[in-house]
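Open the model in your viewer and keep the sequence panel beside it. We will go from the whole chain to single residues, one selection at a time.

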Amino acid sequence: MKGIIYITLIIGLLSSCKGNNTVFKGEIIEHNYNNVLTEKLTGEPFRTECIGFTDIYVKRNYMLFFSRFEDRPLLVVCDKHTGQIIFKEILQKGRGPNEYFLASFMGFSQNSSDTEVWMETNAMRKIICLNLDKSLSQGKPIIEYEFNTSVSGKTGAIIASRIDNENMLYVAISLKENNVNLLHYNTKGSSLDTIGRLFNTRINFTDVSATYSYHPAHPYYITGMLFFNCIYFYSINASQKSFAVCVSGNIPSHGQIKNTSLEQRKQYYLSSFSTDNFICLLYNDNNKRFLHLLNWDGSIKKVLELDYPINTISYDESEKTVYGIQWNNETVYRYKLPI
């Protein structure tokens, strides 16, 4: 799962589903979600000792809570079953050696039997790989890898994933090239190479936000746009074509968004996660929340209406359960997926 990433960019987006595609690579596929039968899901409040957190991620027996607030720990680990805190301050907050001012989740990976957590520390423009199992057993943060994201003008990393023991992929903003790049990093040789750019054109300046997700079994990075009702499948494999899925109606033009204040813009995709079998995006429609489940070819699998206006989601694949946080009442809800 990946929550909303706020990116300061300018993008000349599409005026409609059938308009000329000047930004996204590949064709625009239209799927009208309004014609799909919607199932309703009832959430179950989950009690936890953690409060005041903005993002939640679930892996194995752990629940990870991230916070963007200065008076909260950066990362707290809880027991998935009891909600009790296991490790309260796994990352020390600060600006000194071995301290972190701000951390945002980028992805999980598995190295042998250990779970790794990839994070970006924005203040230092670094990506770190935390070995979660070793950190919990030793009672201190065990950082497997750490490297600078500002190399060659790349900054603002979004999502990271491991290919094998020596190689990883990550997506980052490039201020020099005015685009969002897919990069390859070799942890052994510390080499960083650009594989491709997500967009067709140089991206000039405005506020564009999106939620990103990725699964290593499939050749796409998934981008759910916040202010534009579409989902972008960016291909990382030369044999597969990139494409975008328009969910309903017309995609607003860049001019429409530019002339609308941030408070008045309609918001669409808020959070997402990907599995081997499907993609799930949290969709906002007039403050009602839906889960849009897609197959990897972009076709619709299910549309599920939620009973609480949650803001971010994560998925426990072992229990087929979605966890979500509702920010205004600091409550975690669980939803069993009917799949």
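**Before you start**

This is a predicted model, in which local features need pLDDT of at least 70 and side-chain atom pairs count only at pLDDT 80 or more, while totals for chains, interfaces and linings use all residues. Residues are numbered from 1 along each chain as its sequence is written, and side-chain values use heavy atoms, with hydrogens and water left out.

**The whole chain**

Start with a cartoon view. You will find 2 helices and 27 strands; these are DSSP runs numbered from the N terminus, with helices being H or I of at least four residues and strands E of at least two. Of the 339 residues, 55% count as buried, meaning under 20% relative accessible area, where exposed is over 50% and partly exposed lies in between (1.4 Å probe, protein chains only). Turn next to contacts, defined by heavy atoms within 4.5 Å. Among those between residues at least 6 apart in sequence, 48% join residues at least 24 apart.

**The nonpolar cores**

Now select L198, L291, I313, V322 and L337. These residues have the most contacts inside the largest nonpolar core, which has 41 residues. A nonpolar core here is a set of buried Ala, Val, Leu, Ile, Met, Phe, Trp, Tyr and Cys residues joined through side-chain atoms within 4.5 Å. In soluble globular proteins, nonpolar side chains tend to be buried together.

Zoom in on L198. Leaving aside neighbours within four places in sequence, its contacts include V171, V180, L182, Y212, Y232 and Y234. K25, N179, N181 and T223 are also among the residues that L198 contacts. Another core lies apart from the largest one and has 19 residues, among them L64, I90, F105 and L130.

**The largest pocket**

The pocket holds about 670 Å³ of space.

Pockets and cavities are found on a 1 Å grid over the protein atoms alone: a cavity is a set of points where a 1.4 Å probe fits but cannot get out, a pocket is an open set with protein on both sides within 12 Å along at least five of seven lines, and lining residues have an atom within 4 Å of a point. Grid points are joined across faces, edges and corners, and a volume is the space filled by probe spheres set on the points.

Colour the strands next. β5 (55-59), β9 (104-111), β13 (154-162), β17 (206-214), β21 (269-274) and β25 (312-316) each supply at least two lining residues, and β9 gives the largest share, with 6 residues. By class, the lining divides into 13 nonpolar, 10 polar and 6 charged residues. Ala, Val, Leu, Ile, Met, Phe, Trp, Tyr, Cys and Pro count as nonpolar, Asp, Glu, Lys and Arg as charged, and the others, Gly among them, as polar.

**The largest cavity**

The structure holds 3 cavities of 30 Å³ or more. For the largest, select T48, C50, I51, G52, F53, F65, I325, E330, T331 and V332, which line it. This cavity has about 50 Å³ of space, and its lining has 6 nonpolar, 3 polar and 1 charged residues.

While E330 is selected, check its backbone: phi is near 50°, a positive value in a residue other than glycine. E330 sits in the loop between β26 and β27 (331-336) and is partly exposed, at 40% relative accessible area. K320 also has phi near 50°; look for K320 in the loop between β25 and β26 (321-326). At 37% relative accessibility, K320 counts as partly exposed.

Select G224 in strand β18 (residues 220-225). G224 is buried, at 0% relative accessibility, and touches A210, T211, C230, Y269 and L281, not counting residues up to four places away in sequence. C280 is 56 residues from G224 in sequence and 9.9 Å from it in space, C-alpha to C-alpha.

Finish at I257 in helix α2 (residues 254-258). Is I257 buried or exposed? I257 counts as buried, at 8% relative accessibility. F227 is 30 residues away from I257 in sequence, with a C-alpha to C-alpha distance of 7.8 Å.
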